[in-house]
Amino acid sequence: MRDALTVFWRAVRDWYNGMVSFAAMNALWFGAALTIVLLGPATAGLYAVTYSAARGTGQHFSDFWQGAREYLWISLRWLLLNVIIVIVFAVNIWFYGSAPGLLGQIVLIVLITLGLLWITTQLYLWPFLVLQEEPKLRTALKNALFLALATPVYTLTLLSCALAALIFSVVLIAPLALFLTSFLALLGSLAVRERLQTFGKLPSPAPTPIDGEPL
């Protein structure tokens, strides 16, 4: 839990430090999302930016355009897959939610649990796609699912923080267009890098000198 909270506060700090560019790219993503068709490429572009920021190399509009182009087809497949999943879950939840008896309620609970697990994987999926040398949707889904299941307390803590950010955005309305998506993308990117560094799959960041003294 402590590691997840550390990642959350770093995401808050990093987003605040890059507020202008993050807000501008969030607004660009929001406008693209309204077209539905451009939602996938815009999401890819936004995660390319936030992953670059998570690596400490800053956030640039050039990364946004490059990410949208580079992951164009995979982002469209991701979007189509999510549309199918949402429709399947919505139909089944409606059907079993109105079904009488204990069996219907049990199936409904299972469906809601699986739906929450799917939402959870979305937090990790795009950072894995950006990280992979050869981006493959199936591999990223598998890695995202494994990370969510292997670190349940960490993941639930992140989800609680993400929910708090969502409530904050809904209450203030404007941050929906200027804050939420870029912040969640940054949070997911930081979380994936932190977990991979913890598991020894990525090199840990070098320690920084204190008070200007050499290490």
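Modeller: The largest nonpolar core has 55 residues. A nonpolar core here is a set of buried Ala, Val, Leu, Ile, Met, Phe, Trp, Tyr and Cys residues joined through side-chain atoms within 4.5 Å. Buried means under 20% relative accessible area, exposed means over 50%, and partly exposed lies in between (1.4 Å probe, protein chains only). Y124, L125, W126, F128 and L158 have the most contacts inside this core. At least two core residues come from each of α1 (2-17), α2 (19-33), α3, α5 (72-97), α6 (102-131), α7 (137-150), α8 (152-172) and α10. Helices are DSSP runs (H or I, at least four residues), numbered from the N terminus.

The model is predicted: local features need pLDDT of at least 70, side-chain atom pairs count only at pLDDT 80 or more, and totals for chains, interfaces and linings use all residues. Residues are numbered from 1 along each chain as its sequence is written, and side-chain values use heavy atoms, without hydrogens or water.

Take L125 first. Beyond its neighbours within four places in sequence, L125 is in contact (heavy atoms within 4.5 Å) with W78, L137, A140, L141 and A144. In soluble globular proteins, nonpolar side chains tend to be buried together.

Just after α10, G200 takes a positive phi of about 80°.

Which helix does α10 cross at roughly 110°? That partner is α2, and the two axes come within 7 Å. Axes are lines fitted to C-alpha atoms over the stretch in contact, with angles from 0 to 180 degrees between N-to-C directions. The pair therefore counts as roughly perpendicular (65 to 115 degrees; under 35 is roughly parallel, over 145 roughly antiparallel, the rest oblique). On the α2 side the contact uses F22, N26 and W29. On the α10 side it uses L180, T181, S182 and L186. These residues divide into 4 nonpolar, 3 polar and no charged. Ala, Val, Leu, Ile, Met, Phe, Trp, Tyr, Cys and Pro count as nonpolar, Asp, Glu, Lys and Arg as charged, and the others, Gly among them, as polar.

R195 also sits in α10. Its relative accessibility is 7%, so R195 counts as buried. Setting aside residues up to four places away, R195 touches D3, L147, T151 and Y154. D3 lies in α1. At 39% relative accessibility, D3 is partly exposed. D3 touches Y154 and E194 as well as R195. D3 and Y154 are 151 residues apart along the chain, yet their C-alpha atoms are separated by 7.3 Å.

Back to W29, one of the α2 residues facing α10. W29 is also touched by L39, which lies in α3 (residues 39-54). L39 touches A32, A33 and L79 too. The loop between α2 and α3 holds I36. I36 counts as exposed, because its relative accessibility is 52%. Its phi is near 70°, positive in a residue other than glycine. Most residues other than glycine have a negative phi. As for α3, 16 of its 16 residues are buried, so the rest of the structure largely encloses this helix.
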